Amino acid sequence: MMQLLTDYFVALQGWLFDTLVQPLLFAFGLASYVEMGFDGVEFVLLGSIELAIAYALMRPLEALWPAEQWKQRQAVRVDVLYTLLNRLGLVPLTVFALLAPIFMELESWLRFNNIIPRQLEDWLPGLDYHPLVSFLIYLVILDFAEYWRHRLSHTFGWWWALHGIHHSQRQMSFWTDSRNHLVDDLIAGLWFACLSLFIGVPPGHFIGLLIALRLVENLSHTNTRLTFGGIGDYLLVGPRYHRWHHALELPADPRFRYGCNFAILFPVWDILFDTLYLKEYLPPTGIHEGSAEEVAARDNFWAQQKLGLVLLWKALSSRKKQSPSG
Amino acid sequence: MKLPHLIGLLASAFLSMSAHAETAIVLNSVDENISFVDTKTYKETGKAPACKEPHHLMATPDDSSVIVACAISNELVFFDPKTGKEQKRIKNISDPYQLGFSPDNKWFVANSLRLDRVDLYKAADFSLVARVPAAKTPSHMAFDKASQFVFITLQDSNEILAIDLKTQQPLWKLPVGPTPAGIHMTPDDKYLLVGIMGADYVEVIDWRARKTVKKIVTAKAAHNFLARGDGRHVFVSNRTVNGSISLVDMQTLTEVEKYDVPGGPDDMEIRADGKELWATARFGRKVQVIDLEQKKVSRSIPVGRSPHGVSFINHAARQ
């Protein structure tokens, strides 16, 4: 059965590649990128399957056990657009195209100077022989790095200028996961590339790691009353846990002046670094925008992209930190 | 029959009698592991972890090991071709992609496709001798018989680079067709055959005169080479989803046969008796077995993602 599904998947991947991608690569003299193009088709197909699974599991949760009842779902549309741009590969491809040449140059320079960065397996050689253990360890490391990336995006005013777009959604749903300013996506790519350079994330794990992160992130943004229970909510980030991260009103404690619950997969990082805040009730989500222009940008892709750049410029010009709650 | 051919045939005949010589090793680049395939039952019998982003494998000249090049983890992993067991790892081999031993077995060469560089090592102990800049995208390699030169295809600058192994310096570059990939020296040491992946032909180069003498049209995405072992013919994989493998006569410099091989045929290996050609189907997650008497694919063996190399000890001579 599994082999049959694999055969169908590979046949579809091959057909899409042969029909859409390969002719373009040859036409533009890019035959060298054939393998990458083929892997890219797989990336998009798996992203689409992951999204279909997310929709099949999470949309019923939103319909049957919603955290909030909405009269209209119009505000969700822009998040659907972000998700499609992400899952259909446009955003990841752009980020890769921008960053790959820089990192190739850097690596090339290091090698010519006889510097080969140490990798995790140099300290833990056993990982070479245990792919599952290796996958789990990289998942934990990646999640730890994501915790700090996320936390810093709330801490630095210039970064918050971009990341605030993600938080400006007042009708948070499982689609909201991909709602990010494109420059914010670029920084996330840069963060991941640096991590890869220094610990050597195995490319073979990459898609699996990404799907694991995406599924949990889709679920944690879902508009549902679902919880993982008294203990479960402290083991894996779920809808209630992450809703507090998106809360319109931040907890009054100065510890949370930049926000709370920054963890992506495992709440343990919030516990360790004292940024966890969880209550039984489910708060409304969003931010208090500072201007009518910002309010107007809530549901508009291009307005959000422009606004992010304007706020980034202001933050960098004034070097004045903005509050996450606006 | 020349002496090396005779030795090759005798060696192959001896090895074919080995009780443990029935396992093929297949490298799955994206899955980062190797598959073991029983060459009698055509079934995958197991898998073993390899390393981070392995690309290409090759048998050592004495067939005592199969080496896997690990581009991201900067190492070589050696497997026993009979048992499939890992023998050793050599670390700090920077970004190896394609590997090769010079015919005199003095040099071990590793192309760094990603980082535009060719590394020259002493084959005896894998100690680095020189790093040669090789922009852009050094891909495959071939040697002259005297082991004086190594010739490298530069995929993204559409050139052949010749490196003098005595001085370890780049000697010359020669423009060729778009996206050159595989490269093969004819047995008479006269011509280099270059698979022009961005087009549909094999470019024939008189390397001493440094000029193209012929283009042998095969099929779209001419990619890699494997000698049939008879000292006269070479297989050329044409790597598209609906791909094929051509047989080229290296004396007449013409295509003499072609077999449909779906799934993006890439690296190849041939059985000692010359009856079967095995090819990894990069885009099909399979190894395709071509019956050379029937001239068609007789078996498709499911393996891992992006299979990028196949090797068995019971192979034909390398020319």
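Where is the place of B:Lys136 in chain B? Its place is in the loop between strand S11 (128–133) and strand S12 (138–143). In this predicted model, the peptide bond that leads from B:Ala135 to B:Lys136 is cis, with omega near 0°. Most residues other than glycine have a negative phi, and most peptide bonds are trans.

B:Tyr42, in the loop between strand S2 (33–38) and strand S3 (43–49), has a positive phi of about 60° although it is not a glycine. B:Tyr42 has a relative accessible area of 15%, so it counts as buried. B:Leu253 sits in the loop between strand S22 (244–249) and strand S23 (254–260), and its phi, near 55°, is again positive in a residue other than glycine. With a relative accessibility of 9%, B:Leu253 is therefore buried.

Let us turn to the nonpolar cores. The largest has 18 residues, and those with the most contacts inside it are A:Phe17, A:Phe26, A:Val34, A:Val41, A:Leu45 and B:Phe283. Helix H1 (2–27) and H2 of chain A are the elements that give two or more residues to this core, and the largest share, six residues, comes from H2(A). To see one member in its setting, take A:Val41: leaving aside neighbours within four places in sequence, A:Val41 is in contact with A:Gln13, A:Leu16, A:Phe17 and A:Val21. Apart from this core lies another, of 17 residues, including B:Ala142, B:Trp172, B:Ile183 and B:Met185. In soluble globular proteins, nonpolar side chains tend to be buried together.

Finally, follow helix H9 (residues 203–220) of chain A. Among the buried residues of H9(A) are A:His205, A:Leu209, A:Leu213, A:Val216 and A:Ser220. What covers the buried residues of H9(A) includes helix H2 (34–64), helix H3 (77–87), helix H6 (131–155) and helix H11 (239–245) of chain A.

Terms used:
Residues numbered from 1 in each chain as written. Chains lettered and ligands numbered in written order. Predicted model: local features only at pLDDT ≥ 70, side-chain atom pairs only at ≥ 80, totals over all residues. Heavy atoms only, no water. Buried < 20%, exposed > 50% of the residue type's maximum accessible area, 1.4 Å probe, protein only. Helix = DSSP H or I, 4+ residues; strand = E, 2+ residues; numbered from the N terminus. Contact = heavy atoms within 4.5 Å. Core = buried A, V, L, I, M, F, W, Y, C linked by side-chain atoms within 4.5 Å.
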